[in-house]
Amino acid sequence: MRQAVPSSPSCSSTSACFHLSRLSNTAECGSEHSVEPEKREVRANTPYPCRMWSIVSFYVCYLLCLGLSLACVVCVCLWNSHWRGGFAWDGSALQFNWHPVLMVTGLIVLYGNGAVLYRIPLTWGQNKLPWKLLHATLMLLALILSIVGLCAVFNFHNAQNTPNLYSLHSWIGIAATALFAVQWVVGLAGFLLPCSPMSLRVLLKPVHVWMGGTILWLSIAACISGINEKLFFVLNGSGTQAYADLPPEALLANVLGVLIVAFGLVVLKILSNYEWQRPESRPEDLVYTPLLQEENE
């Protein structure tokens, strides 16, 4: 006679919405089959109201991220066009004005939005290939703008016989841009090319994620220190109001710094929330399939 299989304990209705304990060796409630990988099982067992609340919360944060992005770009452009005289590429102070605009737009706004691209629920369950391409394109555009921004300030310094790379701001900015360039090249080679071995992609994934957050924080630190340094230079009390008097230009630039920090916090909140990570629709050994071998997910 076939021995009866003990029934599995029933699911507790009072369990938390986002219970994340490891269940890899446990059967599903009322099922004799082994469970899917942890991330998918937790999502499947999450009550519908909780899943909806998680998605609504994401879009609130994402809309805040987009609003802060626009505010940062508007503020930095307004500052350099209205109070700093506009833009040129002739070695004058007007050429320097390209530097903050391009660095904030590239290293902060485009970089941050490119980083949260995979978290958008509308992209889940779709072919990952277009989103990989869009992610890589946004990051490449951000890198190009950052390099052009560095060229603007180096050309300005050389034209004015000003030393380069003497301040802490410049050191942090160069470090952020250099790490960004390395990150993009390694990401291209490790995740988008079919020749990269599976073991390398598995090894690179957590490093790639950690490095992405590190570059964002370095970029924020570089922009904040650069804003403060610029204000000390131009609002020195010689023919202008002193920075200590908080004239309108200083107020706008300080607001820009606060917006940059707020944007970075929102981006890191989105990236750190487990429930907002893109669910994998294939077995774990295929998670890191490169670009040219990508199938519908």
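Predicted model: local features only at pLDDT ≥ 70, side-chain atom pairs only at ≥ 80, totals over all residues.
Reader: How many helices does the protein have?

Author: From the N terminus on, the elements run α-α-α-α-α-α-α-α.

Reader: What share of the residues of the protein count as buried?

Author: A residue is buried when its relative accessible area is under 20%. The protein has 297 residues. The share of them that count as buried is 42%.

Reader: Among contacts between residues at least 6 apart in sequence, what share join residues at least 24 apart?

Author: The set considered here is the contacts in the protein between residues at least 6 apart in sequence. Within that set, the share that joins residues at least 24 apart is 71%.

Reader: Which residue forms a salt bridge with E249?

Author: Side chains of opposite charge can pair when their charged atoms come close. A search of the whole structure finds one salt bridge. Its closest N and O atoms are 2.8 Å apart, and the residue that E249 pairs with is R84.

Reader: How many residues apart in sequence are the parts that this pair ties together?

Author: E249 lies in helix 8, residues 248–272. R84 lies in the loop between helix 2 (48–83) and helix 3 (93–96). The pair therefore ties together parts whose separation in sequence is 165 residues.

Reader: How many disulfides does the structure hold?

Author: A disulfide is a covalent bond between the sulfur atoms of two cysteines. The sulfur of C61 has its closest cysteine sulfur in C65, 9.1 Å away, which is too far for a bond. Likewise, the sulfur of C77 is 9.6 Å from its closest cysteine sulfur, in C75, again too far for a bond. The number of disulfides in the structure is zero.

Reader: Is C77 buried or partly exposed?

Author: C61, with 17% relative accessibility, counts as buried. C77 has a relative accessible area of 27%. Buried requires a value under 20% and exposed a value over 50%, so C77 is partly exposed.

Reader: At roughly what angle do the axes of helix 4 and helix 6 cross?

Author: Helix 4 covers residues 98–115 and helix 6 covers residues 168–192. Their axes come within 13 Å. The two helices are oblique to each other, and their axes cross at roughly 45°.

Reader: Which residues of helix 6 make the contact with helix 4?

Author: Helix 4 passes helix 6 in a left-handed crossing. From helix 4, the contact is made by H99, M103, L107 and Y111. From helix 6, the residues that make it are H169, T177 and F180.

Reader: What is the relative accessible area of N161?

Author: N161 is found in the loop between helix 5 (128–159) and helix 6. Its phi is near 55°, a positive value in a residue other than glycine. N161 is exposed, and its relative accessible area is 71%.

Reader: Near what value is the phi of L165?

Author: L165 is found in the loop between helix 5 and helix 6. At 40% relative accessibility, L165 counts as partly exposed. L165 is a residue other than glycine with a positive phi, and that value is near 55°.

Conventions
Residues numbered from 1 in each chain as written. Heavy atoms only, no water. Salt bridge = Lys/Arg side-chain N within 4 Å of Asp/Glu carboxyl O. Helix = DSSP H or I, 4+ residues; strand = E, 2+ residues; numbered from the N terminus. Disulfide = S-S within 2.5 Å. Buried < 20%, exposed > 50% of the residue type's maximum accessible area, 1.4 Å probe, protein only. Axes fitted to C-alpha atoms, helices over the stretch in contact; angles between N-to-C directions. Parallel < 35°, antiparallel > 145°, perpendicular 65-115°, else oblique. Left-handed = near helix turned anticlockwise from the far one by under 90°. Contact = heavy atoms within 4.5 Å.
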